[in-house]
Amino acid sequence: MNTLANIALRNLTRQKKRTVLLGSAIAFGVMIVTLINGFAGAFSANVAENFSDLMAGHVFVSGSEKGEGDKTLSVIRDDSALTAAVEASGAPVRYVTRRSSFAGTLIFEGKKLQTNVDGADLSQETFLRDRLLLKEGSWDSMSDENALILSEKIASRLNVDVGDLILVQLETVTGQANVGEFRLAGVSYDAGIFGQMMSYANLGYVNSLIGLAPDEYQTMGIMLDGLKHTDAAAEAIYGRLYGGVQLFERGVKDEDGAVTPFQALMRQQKKESWEGVKYRLFTINEVLSQIEQIVAALDTTAGVILVVLFVIIMVGITNTFSMVMFERIGEIGTMRALGVHRGGVRSMFLYEALFLALGGAVAGIALALVAMGVISLFDFGMDSPAFIIMRNGHLSFFLPPLRAAANVLIIALLTLVAVASPAGKAAKLTPAEALRTQK
Amino acid sequence: MGIVELENVRKIYPLGKVQVEAVKGVSFCIEKGDFISIAGPSGSGKTTILNMVGLVDQPTEGEVYLDGKPTSKLNDAELTRLRHETLGFIFQSFNLIPVLNVWENIEFPLLLGKTRVGKDEKKDWIDHLIEEVGLSEWRKHKPNELSGGQRQRVAIARALVTRPQIVLADEPTANLDSATGEQILELMKKINRELETTFIFSTHDARIVDIADHIIRLRDGLVTENRRREEEAPAACQGAEA
Ligand SMILES: Nc1ncnc2c1ncn2[C@@H]1O[C@H](COP(=O)(O)OP(=O)(O)OP(=O)(O)O)[C@@H](O)[C@H]1O
Ligand SMILES: [Mg+2]
């Protein structure tokens, strides 16, 4: 090892208290920033995965038909072209779900409640059974045609028990008022603020309520092997559909200022007119595109904190190293007399600061990782209000390695800037001055 | 010409608005292999002169020749290199590097500069020097675990490790008791004879100048006496005009 670097490293051990103090300050700053980065890193993936569980897909295709009075109604009548395209796309598909849904009013013994009901093919969607834990009742009773599964919260608000009959008021796809009757088959554990979204019925019965044929549905959900395949799979499936069926263009921009690509897509259909079913392909990322803005905001916040903390820490580093320079002025003179060049003196100080910064930064990241590990041990339960940003009820973190590396680099650079002036002063001293000034 | 020659050297320090003339026109010549004492009371200019001979400071006027070559035109990097290659330093307050142990302190100058010494050769040489200064049992100790005399022995070994032509020692015994100081001077003298290294040491103690081959006395920045022991006339280098 380079002699001067070696001495610089050992010099850090001379004033242990001071080194530990400065190192801890650096470590603390890095830890905070790393925690935010880690949280932001897992945030969008967690939200997207949780939503794709709830929505039963990463990539979605829905159909629209123009009805009377230019009203659009949501329906997929024949999905053979869709199925073929999904198959031909070569996307890593885990399974395909077919769902219809409506927003309606559930009524039980005078109590009323607005909710979304998803009609799912439960013989196919075994994943839903694994994901949605039942508190009461059983999935087996879903074989009843008009079976319904409600979340704990909705069930208690309606004060219904398994086996009770629940009246439902809704509109069909064409806008006619309709009523139906569900039998409560199960109550699922609550999923926090999204509990309202989690009412499930049989696809066939939902279809009959909203005026679709038994083999029709509204949205095809394509569940992939993971969130990361989403964009590529969407591209591939869209490519297969293109030219074969009527298709809304992807990635349209809306001049009226649609906030998300998904909104733009929805507005697009209002402006156009067509015959028959026209398909729309969208992804969980597009639905949740605002998540990326949250992540960017979190990372920016982390960056600002990093810089603010480090400007403060830098002042400490500059002052400390000015002190260090005076304490070691005799050594500087000695080394210069023995043949150390100016640059050598400078780099000795820079090395020392660099080692301090790296030590602090690595310790900070290590502490953050430990903190992440500990925090993610806590089970907040699936009913936590923050369920959607968690992974299976646990806060989870993902620290993008490049971001961690960038943080270390920033710290190292800022530290070097902070010691540049004392190191420069040390290097500028003539050996005679340095030797004379020593105590 | 001698190994060190000063020609009308003046040194003026700016001190606020006034100027302090620490050395007021000094010329002398030193023969290779001599053991030289620069003696004089406090403030007479000993350190200033040694600093200029040691190239850690430069004269305001005049010229310092090392091995016949003028040094006033050299830049900092060249001076640093020349110090490393031709000079060794021993300081009043020892000036060892506190984080290095005895062996590493002695090795330190060898790790600077470009010339790389073979590993075994280096080890043998440092071990030899440690033995020479009587610190074989202390090689792994840090400076703060040594007595003043021991520290100065380490400094002597460190000054010799690059086999310099000249070793400069500014009041090497001032921080030592007189018995230890004498031992240190004896050691320097012994090495001076064995390795034929030129030693220049300064002292304000009139009693220890007798050990020197050549005595230069200073007072108020001027030379008041300059003679080699075996010569009656003032010391002059061979070939130099009298
Ligand atoms: N950097 C400086 N600035 C101003 N004056 C200086 C400086 N260095 C030395 N002097 C002055 O120059 C004169 C000679 O100083 P020098 O240190 O060479 O004497 P010295 O013989 O080594 O004394 P001592 O025995 O006390 O070490 C003194 O008057 C001193 O105050
Ligand atoms: Mg002095």
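This is a predicted model: local features need pLDDT of at least 70, side-chain atom pairs count only at pLDDT 80 or more; totals for chains, interfaces and linings use all residues.
Biologist: What is the mean pLDDT of chain B?

Modeller: pLDDT is the predictor's confidence in each residue, from 0 to 100. In chain B, 97% of the residues reach 70 or more, and the mean is 91.

Biologist: How much area do chain A and chain B bury between them?

Modeller: Contact means heavy atoms within 4.5 Å, and 21 residues of chain A are in contact with 24 residues of chain B. Buried area is the accessible area (1.4 Å probe) that two parts lose on being put together, summed over both. Carbon and sulfur atoms carry 65% of the total, which is about 2,000 Å².

Biologist: Which residue of chain B forms a salt bridge with A:Arg336?

Modeller: A salt bridge is a side-chain nitrogen of Lys or Arg within 4 Å of a carboxyl oxygen of Asp or Glu. Three of these are counted between chain A and chain B. For A:Arg336 the closest N and O atoms are 2.8 Å apart, and the partner is B:Asp76.

Biologist: Which element gives the largest share of the side of chain A that touches chain B?

Modeller: Helices are DSSP runs (H or I, at least four residues), as are strands (E, at least two), numbered from the N terminus. In chain A, the elements giving two or more residues to that side are α1 (3-11), α14 (431-437) and α11 (329-338). The largest share, seven residues, comes from α11(A).

Biologist: How many residues apart in sequence are the parts that A:Arg14 and A:Glu331 tie together?

Modeller: A:Arg14 and A:Glu331 form a salt bridge, with the closest N and O atoms 2.8 Å apart. Because A:Arg14 lies in the loop between α1 and α2 (16-55) of chain A and A:Glu331 in helix α11 of chain A, the pair joins parts separated in sequence by 317 residues.

Biologist: In which loop is B:Leu55 placed?

Modeller: B:Leu55 is not a glycine, yet its phi is positive, about 60°. Its place is in chain B, in the loop between α1 (46-53) and β4 (61-66).

Note on methods:
Residues are numbered from 1 along each chain as its sequence is written. Chains are lettered from A and ligands numbered from 1 in the order in which they are written. Side-chain values use heavy atoms; hydrogens and water are left out.
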